[in-house]
Amino acid sequence: MSDAIKVGFVPLASAARGILVVFCDEGLKVGPATAKALGGASELVKRAAAAGSFKGKSGAALDILAPEGLKAERLIVIGTGKASSLKGNDFLKFGGMAASKLKAVSQSMTILAELPDGAMSGEQAVAIASGLRLRAYKFDRYKTKKKDGEEGALRADVSLAVGDAAAAKKAFASAGAVVDGVIIARDLVNEPPNVLFPEEFARRAGQLRKLGVRIEVLDVKAMQKLGMGALLGVGQGSARPSRTVIMRWDGGKKGEAPVAFVGKGVCFDTGGISIKPAGSMEDMKGDMGGAACVVGLMHALAARKAKVNVVGAIGLVENMPDGNAQRPGDIVTSMSGQTIEIINTDAEGRLVLADVLWYVAKKTKPKFMVDLATLTGAIVVALGTDHAGMFSNNDELAERLLAAGIESGEKVWRLPLGPEYDKLIDSQFADMKNTGGRHGGSITAAQFLQRFVDGTPWAHLDIAGTAMGAPKTDINQSWGSGYGVRLLDRLVADHYERK
């Protein structure tokens, strides 16, 4: 995968090139190798810090141009705050901050990966490298001109000076695969819908074959044979035929049950006959953020050769309002045999997931399933854009996802499920209806999905607030965030991967 930022690892004592980045604590204390590299410029740092009220707090930065006494063209001092308060995600942020100082011209940067008490651990240095690459991402492939002052893609050759360069390089091979997965997911979410429609999405997922992932693509005829009437009903109004893609990575023991991830892939959602308002409808190109995450995750796991068996499944459709589109009042039969009354054609994502979840549960017998979907606006009202909503029928899986969210920084918040919500989606004409109205909208959507997991341990992540259009952060300046790849990679690595 091509990258605007090239990251390498060198010994801590290596000479600095171009921009020099160092770290200090709240007392402006630096490590021994940093003090040696700064030499007489240490006094310059103190004077500049006093003039700029820089105290070394976490996330603060001091930027000195043409520092006297150094060969470096710029000196950037990043505050780490109190050592006792440092967390793993802080180092991702520090990497992102370093990348934010780069311009869209070819540059060199040396980062001294040292804290006041000595060299950073390999894990901390690798997190900085990951943060650099994540922050540097920019989706501008369709721009033919740049406005005055508008930055293009960052380009830099970055050397991370670390205590053990060989170990850091080895560790970054795996971490870099995860970053690649996030970038793939971002690219997919950011693509325009006239470029990324179901067939093209399936083709791109098929590129995972190069990494050893087994790919099966179900076309409309195959899905009709399987009885996937819920998914096919959503896509029947589009000129673009629907697809389901099943991806398998066999990195674990032969015959061992896989873990499974399912993604909603509505490549564009007009709402169908229950058409959405025109305002911001262009954002509905991102209604496939769940499927994008699953493809990015499968890339990450395969590229780092994860020792686990994994199934990734994505249902790909367009929800369009032509004369063949499904109508409110229609009744469709899902692959499970359960019938669904269509109340609102804009509650389509759960119909797609219903058939794909059932397929995965029945055909692959996984240890658990996690589905991801930009499913409801109600989850954004409830949780905003910092947490994904989580619903689960299994407390252990839910607790592991919560922990993985804290570790990765891709946070989740658990909401309730319960039989009392079932009556809201009961139908007088079919086994259920596809929406329960405004009250508890995210909960009734999850309650609907639970009817299609066949008792398999399962969690549903509603990522409508986190997958697209979320506020920019130190490690993401993109409209499409790639949310979920790092979260689920951490879940697998911590609990399900053979050591």
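Ser53 is exposed, at a relative accessible area of 58%, where exposed means over 50%, buried under 20% and partly exposed in between, with a 1.4 Å probe and protein chains only. The residue belongs to the loop between α2 (41–51) and β3 (61–65); helices (H or I, at least four residues) and strands (E, at least two) are DSSP runs, numbered from the N terminus. Ser53 has a phi near 55 degrees, which is a positive value in a residue other than glycine.

The model is a predicted one, in which local features need pLDDT of at least 70 and side-chain atom pairs count only at pLDDT 80 or more, while totals for chains, interfaces and linings use all residues. Residues are numbered from 1 along each chain as its sequence is written, and side-chain values use heavy atoms, with hydrogens and water left out.

A second residue with a positive phi is Asp454, for which the angle is near 55 degrees. Asp454 sits in the loop between α13 (441–450) and β19 (458–462). With a relative accessible area of 38%, Asp454 is partly exposed.

What is the accessibility of Leu372, buried or exposed? At 0% relative accessibility, Leu372 counts as buried. Its place is in strand β15 (residues 369–373). When neighbours within four places in sequence are left aside, the residues in contact with Leu372 include Val262, Cys293, Val294, Leu461, Ile463 and Leu488; contact means heavy atoms within 4.5 Å. Leu372 and Ile314 are 58 residues apart in sequence, and their C-alpha atoms are 9.8 Å apart in space.

The next topic is the packing of two helices. Helix α3 (residues 88–100) packs with helix α4 (residues 122–136) at an angle of about 45 degrees, and their axes are 6 Å apart. Here the axes are lines fitted to C-alpha atoms, for helices over the stretch in contact, and angles run from 0 to 180 degrees between N-to-C directions. That angle makes α3 oblique to α4, given that angles under 35 degrees count as roughly parallel, over 145 as roughly antiparallel, 65 to 115 as roughly perpendicular and the rest as oblique. Among the residues that make the contact are Phe91, Leu92 and Phe94 of α3 and Ile128, Leu132 and Leu134 of α4.

Charged pairs form another theme. The structure holds 28 salt bridges, a salt bridge being a side-chain nitrogen of Lys or Arg within 4 Å of a carboxyl oxygen of Asp or Glu. One of them joins Lys276 to Asp269, with the closest N and O atoms 3.5 Å apart. Lys276 is partly exposed, at a relative accessible area of 21%, whereas Asp269 counts as buried at 2%.

Arg490 takes part in a salt bridge with Glu407, the closest N and O atoms being 3.5 Å apart. Arg490 lies in helix α14 (residues 485–495) and Glu407 in helix α12 (residues 395–408), so this pair ties together parts that are 83 residues apart in sequence. Arg490 is partly exposed at 30% relative accessible area, and Glu407 is partly exposed at 39%. Arg490 also forms a salt bridge with Asp494, again with the closest N and O atoms 3.5 Å apart. Asp494 and Arg490 both lie in α14, four residues apart, which is about one turn of the helix.

Elsewhere, salt bridges link Arg141, Asp187, Glu191, Glu200, Arg203 and Arg204 in a network.
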